[in-house]
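Here are some short notes to read beside the structure. Please keep the 3D view open as you go through the points.

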Amino acid sequence: MQENESRRSNKARSDATRGALLAAARELFIARGYADVGTPELVAEAGVTRGALYHHFADKRALFAAVVEAEAAAVAAEIDAATPAGMEPLEALISGGRTYLEAMQAPGRTRLLLLEAPAVLGQAVNTAIDERHANRTLREGLIAAIEAGVIGALPLNALTQILSAAFDRAAVAVAAGEARADVDAVMVAVIEGLAGSRD
C-alpha cells in the first residue's frame, strides 16, 4: 500500500516538474524566441534544477519540441470541438478553418508553430507534429467532404498539403495585421469553390 502511494507521489512530483518546465519554456520561447533563451533561464523560471530538466528532456531542443507538440495539440483540440460529428461536411471545413485562424491568434502561437518550429526542429519533425494535429483535422474534414460528394475526388494528400499551406500563410498574414474578415472571406470562397467544382 505504502509502495503504491509512494509511486503515485513520485509520479505526481514528476508530472508537476515536467509541467513547470513546459509552462516556463512556452512563456520564454514565445516572449523571446528559441535562440535567445538559455537553459539556466528555463530552469530558473520553472523553479527546478538543471538535473530535472535533463531528466525529462534530452536538451533545450527536445523541450522546445514538447512545447510545439502541446501547442499544436491545443489548436487541434479547438478545431475538433468546433467540428462535432454530424456537422455538415462543408460547414465543418469552414468552421474548422475559422477556428484554426482564431486559435492561431493566441499570443506568440503563430511565430512558435509556423516560423520557429520548422527552423529549429527541421521540416520532417515539424511536419510529423502537424500531421498528428492540425493537418489531421483538415485531412479528416476533407475525407468527410469527399465521401459525402460535397467536393470532388481530388488527390487527398495534395489537397491537404495545399490547403494547409494556405491556412498557415493566412495565419501569418493575420498575425502581421491583415484584416481577419478579409482572410475569412477568402478562406470561405476557396472552400466553397472546391464544392462548386465537384461536377
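1. Start with the length of helix H9, residues 156-175. This is a predicted model. At 1.5 Å a residue, the 20 residues of H9 should span 28 Å.

2. Now look at which residues of H9 are buried. They are Leu159, Thr160, Leu163, Ser164, Phe167, Ala170, Ala171 and Val174. Seen down the helix axis, these buried residues fall within an arc of 125°, so they line one face of H9. Ile162 and Arg169, on the other side of H9, are exposed.

3. What do the buried residues of H9 pack against? Their partners are helices H5 (89-103), H6 (109-121), H7 (123-132), H8 (134-147) and H10. Just after H9 comes Gly177, with a positive phi of about 115°.

4. Helix H10 covers residues 180-196 and includes Gly193. Is Gly193 buried or partly exposed? Its relative accessible area is 37%, so Gly193 counts as partly exposed. Glu78 lies 115 residues from Gly193 in sequence. In space, their C-alpha atoms are 25 Å apart.

5. Next, the core. The largest nonpolar core has 54 residues. Phe29, Phe64, Val68, Tyr100 and Ile151 touch the most other members. Helix H4 (residues 60-82) gives the largest share of this core, 8 residues. In soluble globular proteins, nonpolar side chains tend to be buried together.

6. Leaving out residues up to four places away in sequence, Phe29 touches Tyr34, Val37, Leu42, Lys60, Phe64, Val67, Leu112 and Glu116.

How values were computed: Residues numbered from 1 in each chain as written. Predicted model: local features only at pLDDT ≥ 70, side-chain atom pairs only at ≥ 80, totals over all residues. Heavy atoms only, no water. Core = buried A, V, L, I, M, F, W, Y, C linked by side-chain atoms within 4.5 Å. Buried < 20%, exposed > 50% of the residue type's maximum accessible area, 1.4 Å probe, protein only. Helix = DSSP H or I, 4+ residues; strand = E, 2+ residues; numbered from the N terminus. Contact = heavy atoms within 4.5 Å. Expected span 1.5 Å × (residues − 1). Arc of directions from axis to C-beta.
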